[in-house]
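Please look over the sequence and the model below before reading on. The paragraphs that follow begin with a pocket and then turn to the core, the loops and the chain as a whole.

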Amino acid sequence: MPRYEYRCRTCGDTFEKSRPMAESSAPAACPAGHDDTVKLLSTVAVGGSASAPAPGPSAGGGGGCCGGGCCG
């Protein structure tokens, strides 16, 4: 279930709440009980250590394609 971040306009507290996407725009009371909150725009961080292999001789090498035609 996605987590959404909110800020209380009354006390300034920032808090997170897990809820279904269908309820993401529904009002959320802050932990102190205030109802004047706003949903914050959050960024998604994706971590990992996978990396693409370096292209070798069998990857084609040479010129690239420019404007739909291949250059040599």
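The largest pocket has a volume of about 200 Å³, where a pocket is, on a 1 Å grid over the protein atoms alone, an open set of points where a 1.4 Å probe fits, with protein on both sides within 12 Å along at least five of seven lines, and lining residues have an atom within 4 Å of a point. The volume is the space filled by probe spheres set on the points, which are joined across faces, edges and corners. The lining comprises 11 residues, and those closest to the pocket centre are Arg3, Tyr4, Glu5, Leu40 and Ser42. By type, the lining divides into 5 nonpolar, 2 polar and 4 charged residues, with Ala, Val, Leu, Ile, Met, Phe, Trp, Tyr, Cys and Pro counted as nonpolar, Asp, Glu, Lys and Arg as charged, and the others, Gly among them, as polar. Strand E1 gives the most to this lining, with 3 residues; strands (E, at least two residues) are DSSP runs numbered from the N terminus.

This is a predicted model, in which local features need pLDDT of at least 70 and side-chain atom pairs count only at pLDDT 80 or more, whereas totals for chains, interfaces and linings use all residues. Residues are numbered from 1 along each chain as its sequence is written, and side-chain values use heavy atoms, with hydrogens and water left out.

Glu5, placed in strand E1, is partly exposed because its relative accessible area is 27%, the classes being buried under 20%, exposed over 50% and partly exposed in between (1.4 Å probe, protein chains only). Not counting residues up to four places away in sequence, Glu5 touches Thr14, Phe15, Glu16, Val38, Lys39, Leu40 and Ser42, a contact meaning heavy atoms within 4.5 Å.

The largest nonpolar core consists of 6 residues, Tyr4, Tyr6, Cys8, Phe15, Ala28 and Cys30. Strand E1 (residues 3–8) gives the most to this core, with 3 residues. Such a core is a set of buried Ala, Val, Leu, Ile, Met, Phe, Trp, Tyr and Cys residues joined through side-chain atoms within 4.5 Å. Tyr6 counts as buried because its relative accessibility is 2%, and Phe15 counts as buried because its value is 9%. Ala28 touches Tyr6, Phe15, Lys17, Arg19 and Thr37, again leaving out residues up to four places away in sequence.

How many aromatic pairs does a search of the whole structure find? The search finds 1. Tyr6 and Phe15 form a stacked pair, 5.6 Å centre to centre with 20° between the planes; rings of Phe, Tyr and Trp (its six-membered ring) pair if their centres lie within 6.5 Å, and planes under 30 degrees apart count as stacked, over 60 as edge-to-face and the rest as tilted.

Two loop residues can be set side by side. Ser24 sits in the loop between strand E2 (14–18) and strand E3 (37–39) and counts as buried because its relative accessibility is 13%; leaving aside neighbours within four places in sequence, Ser24 is in contact with Tyr4, Tyr6, Arg19 and Lys39. Arg9, in the loop between E1 and E2, counts as exposed because its relative accessibility is 57%. Arg9 and Cys30 are 21 residues apart in sequence and 9.4 Å apart in space, C-alpha to C-alpha.

Over the whole protein chain there are 0 helices and 5 strands, and buried residues make up 14% of its 72 residues.

Methods:
Helices (H or I, at least four residues) and strands (E, at least two) are DSSP runs, numbered from the N terminus.
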